[in-house]
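I wrote down each thing as I looked it up, starting with a pair of chains.

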4 protein chains.
Amino acid sequence: MLKKIGILTSGGDAPGMNATVIGAIKAGIALNKDMYVVYDGYKGLIEKNFKKVDKHFIEDKLASGGTAIKTARLPEFKEEEVRKVAVKNMKEEGIEALIVIGGDGSYMGAKRLTEMGINCVGLPGTIDNDIASSDYTIGFDTALNTVVNAIDQIRDTMTSHNRCAIVEIMGNKCPDLTSFASIATNADEVFTCDHPLDDKNALFDRMEEAKRNGKDCYIILVAEKLLDTKELEKELNAKTSWETRLTILGHIQRGGKPTAMERINAVKMGAYAVELLDKGIGGVCIGIHENKLRYVDIYDALKLPRDEHKDLYQLHELIK
Amino acid sequence: MLKKIGILTSGGDAPGMNATVIGAIKAGIALNKDMYVVYDGYKGLIEKNFKKVDKHFIEDKLASGGTAIKTARLPEFKEEEVRKVAVKNMKEEGIEALIVIGGDGSYMGAKRLTEMGINCVGLPGTIDNDIASSDYTIGFDTALNTVVNAIDQIRDTMTSHNRCAIVEIMGNKCPDLTSFASIATNADEVFTCDHPLDDKNALFDRMEEAKRNGKDCYIILVAEKLLDTKELEKELNAKTSWETRLTILGHIQRGGKPTAMERINAVKMGAYAVELLDKGIGGVCIGIHENKLRYVDIYDALKLPRDEHKDLYQLHELIK
Amino acid sequence: MLKKIGILTSGGDAPGMNATVIGAIKAGIALNKDMYVVYDGYKGLIEKNFKKVDKHFIEDKLASGGTAIKTARLPEFKEEEVRKVAVKNMKEEGIEALIVIGGDGSYMGAKRLTEMGINCVGLPGTIDNDIASSDYTIGFDTALNTVVNAIDQIRDTMTSHNRCAIVEIMGNKCPDLTSFASIATNADEVFTCDHPLDDKNALFDRMEEAKRNGKDCYIILVAEKLLDTKELEKELNAKTSWETRLTILGHIQRGGKPTAMERINAVKMGAYAVELLDKGIGGVCIGIHENKLRYVDIYDALKLPRDEHKDLYQLHELIK
Amino acid sequence: MLKKIGILTSGGDAPGMNATVIGAIKAGIALNKDMYVVYDGYKGLIEKNFKKVDKHFIEDKLASGGTAIKTARLPEFKEEEVRKVAVKNMKEEGIEALIVIGGDGSYMGAKRLTEMGINCVGLPGTIDNDIASSDYTIGFDTALNTVVNAIDQIRDTMTSHNRCAIVEIMGNKCPDLTSFASIATNADEVFTCDHPLDDKNALFDRMEEAKRNGKDCYIILVAEKLLDTKELEKELNAKTSWETRLTILGHIQRGGKPTAMERINAVKMGAYAVELLDKGIGGVCIGIHENKLRYVDIYDALKLPRDEHKDLYQLHELIK
């Protein structure tokens, strides 16, 4: 019978990661497992930086952002020699299974470890919502609320001055924070890799028409890495009648108190990971799909296409 | 072709109702409909208290709680004679279809109106999450966050004094706010109609054991209408070693800025209602089921069993 | 030279208490003192429940409500025999001075200890703002924001239904939370010990006139312990045309993340307490008066009259 | 007797401006004045864009950021010819007095108008706290909380990765947002015009020492316009062992729901302005000084030295 389970957070941190760790630890201990936390992601496996914890471990962090067991990136974990050290260290401690909370990159490490004899389950922890095997990733709901509240605040001041705001939003390769926020804030424009700014002159024309129609604020959302927002700010100031101001939301999007749903999904997934490992299931990742928990083989998961949420752009077109 | 659509909010108000109204109005006008808002729920139909609006109507209320077009209860609407007045008034104005945002009670009126020649679509707007045809109702996510944040605050003070808190949570006939909050706050106990307090002595015992184990705070969530929380407060003070304090969360649960997801689901559903009516579909209600929009005949919807979320009580048992 | 300083929190907890403790500890250690935290208020002195801490002690709680070193009430501390045990315990450890964060009751204990050879400085920590020697107590600003945000939420739902809300607000013997909130929320009525509800019929008349004038919401703030708010709810429902709903805000008012100003004032006062003790000053309490730090002999402080803030009632009368 | 009073907001918008307008309007109408709002700051005087309002005007915006009567900058208002148009327009409408909410620049216009026969009172409305005649300006408390909450969120993610954060904070010529936030967030470094970064090597050394001591996060606050924060980010990444990330908070600092104290001070000042004008007092500006309302001649006010808050830097030095 499985006795010792490790848990780590990997890649970018996300609000709700603590709740996932708490859910896993409590569920594990309720099922008579010894639960180990591993610090600094995969690095902690290499450096043997892990410890056995009791059921109250970080339970006062349920409502806190970040990850109390730290995270780090370790590109070398792609190399088998490095992973062998991890496996050796775990085996020495008797840790037979591992829960990995993180993004796509972290999943691959989890799969490889499984193949080397440590059953692993991956959990989707990232604000970017860029994991196709889950409708929502842990951290996304909180980050989305941070983004939306920030845009609400920006709207206050832009409206007072009849200005245009460009807001640059995180998302790396997945623009969901931007596309979801476009509906939640009734933004005037939304530009992402799935819905790019193809025709600047058409944008200028829409802006001028809005000005003529008495619009007192113009909100443009842009996903990061799509275009040079500083340049766009200059152009709009130069070529339209809208005084324009850029805000790059930055790292506030990564922190903050997890929302209620974030915590619930996080706890659920943490407990479910323990349940799967207890049944001997590994090499899989957990997702919330169609409002239910499910698990998928990690290789299959990584092949799933990203949902572009075309419906959101269509809806935005309709209501803007 | 359908030309004029009315929209009203009915029953208890809920955060996100304004977003639904905005979504419907904007979508309707984009589809060349004349959009009418009806004030005070069904009462506005009887009193002919409605008006045609433009696409900017209440768009500055997207992030505001409550319903800007007001709501009211009108039990008399069950009587056919009363509804006939409503139909007559709408027909005089040329309003051929109606969107009704509210709870179960409001749905029945929408069905009856459909049978009398006014195509109606119902949308689930209530903080209670008590509409089985939708996984989540508009208002629930916001109210849940209000509840969870309130419990977080209560935990601060209870922990400082090593006290026990009883928190009474709204929900009328559906205890979802309570059961969901039990996971999001790591509450010690949760009592609802689906998971009642059967054995008080066992509760006292658990509380004493927790005290012996050094627990510095004990949080008990109780759904409204289940038991006399004032009485329970007295008993716990008398029969356990826990100094106990009751908080009845009350009407703060009904208000507040809608969350990001609330607004998105609300706008989606509002626009979808227009789309259905435009296709001639009526007598149905809209839900979000398995993370997708769907519609169901209202009679069928009202027969669907309520989801008791047994998984949440099991999860709570596991992790508490 | 003073070497060892203790710090405790006493009476009701308040947001910002942790920031005060942090400010005192960091300032003390910067000045080469050994800093001791005492758990559970004066009880910790009796039970010798204290420990020396380093400069990072609870620094991650700066933004957290409650008090991480716990608080308790100890009425027996009025007795000299009890205090003698406290003095003996401190002397055994070499603790020569003590910072006491709490309310009026706690100040008296601090004065008595000073007379028994342990120099003490009192800091005003209470949400009630009931300490006349300080314009603002630690916790008041946060609690006021909690109250005001709660009333904002209540207004959302009351306006949607054209209802009247009675909101009962904490404050024990000082109604500042209520009187300040009356301005911040534009409440229609405010009743406190300084501004009681003398004439119910006049209230009914004002409410009916407001209804006739088309007012869509009526907000009545009542300080706790002034009158039976449940009874008032019944009366207003019976004798006016306003459907009325009562909310007793309760313990949410005691918790929550301290505001920016709360934390700043708290850190300032904590550091100032160390500075005074280092100069050999004791038996005093610290306040923020006319926007500056000051200290006052505790006996003198306890004789200062409470500010009734008559200007706020006059302002309320003018603008309501 | 004074009969008609105008009110406008000028310069940068700030949370609480709406509350000031509401306070002035309600107080004015209670004193039997006709109250006029002027749109777009001084521009509205030139364009005769003003209107008489009733006592309920924007009362639902008490808790909203921005300014509902808009603001604008009008550098030409320095020219007497331009101001003459304003005076003429006001006189034609019978407006004899004016309340101007804004910053230093706006005050000078108010003084000039007074000299031309329109009694004016200036109110300090700006998030920057850069008006020496008032201890706190309207908007500062809200902006400070926005800044502090943002830094709390940034700390979450930086701690999870053991990173350094540079946070650039607004303030134009007054660094109070930055210096106050340094205490409220326990930042590691604070750099402003009053407390510049003189010695980069010393900074690097402090950072390396902190790293050696096990510090898991390093927060550096920088007031805007002091130094090139992008450049600093690069240098810290290159020359220290801290992975460093820059966030420029930007326009979120200007918006948002005003805090309780903001609203109270705003309403107080608005009402006080009416009172002064009613007594025939003009050419002055209002401040909150030593926790009391006062007024000062505008010329004198503009000569007052800015408070550098040296105590805060000393306190920061002590506790960091």
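Predicted model: local features only at pLDDT ≥ 70, side-chain atom pairs only at ≥ 80, totals over all residues.

**Entry 1: who touches whom**

I started with chain A and chain C: no contact joins them, and their closest C-alpha atoms lie 10 Å apart. By contact I mean two residues whose C-beta atoms, placed from the backbone, lie within 7 Å. I then checked chain B and chain D, which no contact joins either, with the closest C-alpha atoms 10 Å apart.

Residues are numbered from 1 along each chain as its sequence is written, while chains are lettered from A and ligands numbered from 1 in the order in which they are written.

**Entry 2: chain A with chain D**

How many residues does each chain give to the contact between chain A and chain D? I found 27 from chain A and 27 from chain D. On the side of chain A that touches chain D, the elements giving two or more residues are α5 (140-161) and β9 (244-248) of chain A. My helices (H or I, at least four residues) and strands (E, at least two) are DSSP runs, numbered from the N terminus. The largest share on that side of chain A, 9 residues, comes from α5(A).

I sorted the residues of that side of chain A by class and got 6 nonpolar, 15 polar and 6 charged. Here Ala, Val, Leu, Ile, Met, Phe, Trp, Tyr, Cys and Pro count as nonpolar, Asp, Glu, Lys and Arg as charged, and the others, Gly among them, as polar.

A rotation of 180 degrees with 0.0 Å of shift along its axis superposes chain A on chain D, with an RMSD of 0.0 Å. That is the relation of a two-fold axis.

**Entry 3: chain C with chain B**

I moved on to chain C, where 27 residues are in contact with 27 residues of chain B. The elements that give two or more residues to the chain C side are α5 (140-161) and β9 (244-248) of chain C. I noted that α5(C) brings the largest share of that side, 9 residues. By class, this side of chain C has 6 nonpolar, 15 polar and 6 charged residues.

**Entry 4: one chain on its own**

I picked chain A and counted 11 helices and 11 strands. Its C-alpha trace spans about 70 × 35 × 35 Å along the principal axes. With 320 residues, a compact globule would have a radius of gyration near 20 Å, and chain A has 22 Å, which agrees. That radius is taken over C-alpha atoms, and the globule rule is 2.2 Å times the number of residues to the power 0.38.

Chain A is divided into domain 1 (4-139 + 258-303) and domain 2 (143-254); the bounds come from an automatic or database domain assignment. How far apart are the centres of the two domains of chain A? I got 35 Å, taken over C-alpha atoms. Across the boundary, 8 residues of domain 1 of chain A are in contact with 10 residues of domain 2 of chain A. The domain 1 side has 1 nonpolar, 4 polar and 3 charged residues.

**Entry 5: a sheet in chain B**

In which order do the 4 strands of the open sheet in chain B run? I read β7-β8-β6-β9 (chain B), with parallel pairing. Two strands pair if DSSP finds at least two bridges between them. β7 (189-191) and β9 (244-248) of chain B stand at the edges with a single partner strand each, so one side of each is left without a neighbour in the sheet.

Strand β6 (residues 164-169) of chain B pairs with β9(B) in the parallel sense over 5 bridges. I found B:Thr244 in β9(B) as the bridge partner of B:Cys164.

Key:
Least-squares fit on C-alpha atoms with pLDDT ≥ 70 in both.
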